[in-house]
Amino acid sequence: MNAGKNKTYLRALAGEAVTPPPVWLMRQAGRYLPEYRELRSGVKNFLDFCYTPDLAVEVTLQPLRRYGFDAAILFSDILVIPDALGQKVAFREGEGPVLTPIRSADDLKGLGMDRLHDHLAPVYETVSRLASSIPETTALIGFAGAPWTVATYMVEGRGSKDHAAARTWAFDGDGFADLITLLTDATAEYLIRQADHGAEALQLFDTWAGVLSPSQFGRWVIEPTAEIVARIKAAHPDIPVVGFPRGAGVMYETFVRETGVDGVSIDNSVPPSWAARVLQPMCTVQGNLDNMSVIAGGPAMEAEVRGILAALSGGPFIFNLGHGILPETPPENVARLVDIVRGA
């Protein structure tokens, strides 16, 4: 980890208790920033935006200029994987992502990995350019959606509150395991290629992990994540991997023990004191400020930030949110958050 000696984010992921802890925020680039909205207004198709390196690099750098975060995360989207596999993916204004649903083994026949890397080449170019343009003390994070979460969008055809079609098919099993295997293979290759191009750490976002029963959580969250981590480590032994099984509750402990992740990002329902006692002895903890508190700002936010710092700063820790920054967030509240973390 010599290359990361001056990067507090990488030091924390290597197991060091850094003071003050490194800070970055999920969705730190995005709609809450006026400079992002201005750039985004000129491009109709969101996927085109993600696949245009000039734009993706600029958007990734915007929050670094404002706040000096300790890590930059590639600007992209978790649905570039199904798009690259051949599923029709669109982003509609006011609706979000819309996909042609995959509901059976027969539907899987139209998907394949033959064009994966060619399709995602613009993303790899973005990673390469970021690796040479971010500040030398800033770490570069690559990411992907975890197989279960990506599968929910592929099966439902859009975002869902209960993920009924995906959960039912997962219990039924006929073909669903093949979908997860395909996503596991594609995600591992995608993340390895990001590391090849300069990503210094990798994060897996499993946003909908918390909807699964314990047995299904083991099958569709832990097993694919463990496989992806093992493949990344085989190709890049020194690249740390962070998992984020949002909503996992007490299953966070099992997730850490059985996947081999170097760090775990926790949602805001997890008591920081529990995470310090149970999770920090096993890996670096990242989190977990309620994103609504950053909209509120003021003394309430400050108290929440200081409480998390008090609970988790004694061990390897990265300050972050329990989920992404919301579009309504005042940028000045983010600036104040960073100041508090850094002792101002």
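Which side chains meet in a salt bridge at 3.9 Å, N to O? A few friendly notes follow.

1. The side chains of R193 and D196 do, a salt bridge being a Lys or Arg side-chain nitrogen within 4 Å of an Asp or Glu carboxyl oxygen. This is a predicted model, in which local features need pLDDT of at least 70, side-chain atom pairs count only at pLDDT 80 or more, and totals for chains, interfaces and linings use all residues. Residues are numbered from 1 along each chain as its sequence is written, and side-chain values use heavy atoms, with hydrogens and water left out.

2. R193 and D196 sit 3 residues apart in helix α10, so about one helical turn separates them (helices are DSSP runs of H or I, at least four residues, numbered from the N terminus). R193 is partly exposed at 28% relative accessibility, and D196 likewise at 45% (buried is under 20% relative accessible area, exposed over 50%, partly exposed in between; 1.4 Å probe, protein chains only).

3. The structure holds 16 salt bridges. Among them, R257 and E253 meet at 3.2 Å, N to O; R257 is exposed, at 56%, while E253 is partly exposed, at 27%.

4. F176 and W220 form an edge-to-face pair, because their ring centres lie 4.8 Å apart with planes at 90 degrees (Phe, Tyr and Trp rings, six-membered for Trp, pair with centres within 6.5 Å; planes under 30 degrees apart are stacked, over 60 edge-to-face, the rest tilted). The pair links distant parts of the chain, helix α10 and helix α11, 44 residues apart. Both F176 and W220 are buried.

Notes. Helix = DSSP H or I, 4+ residues; strand = E, 2+ residues; numbered from the N terminus.
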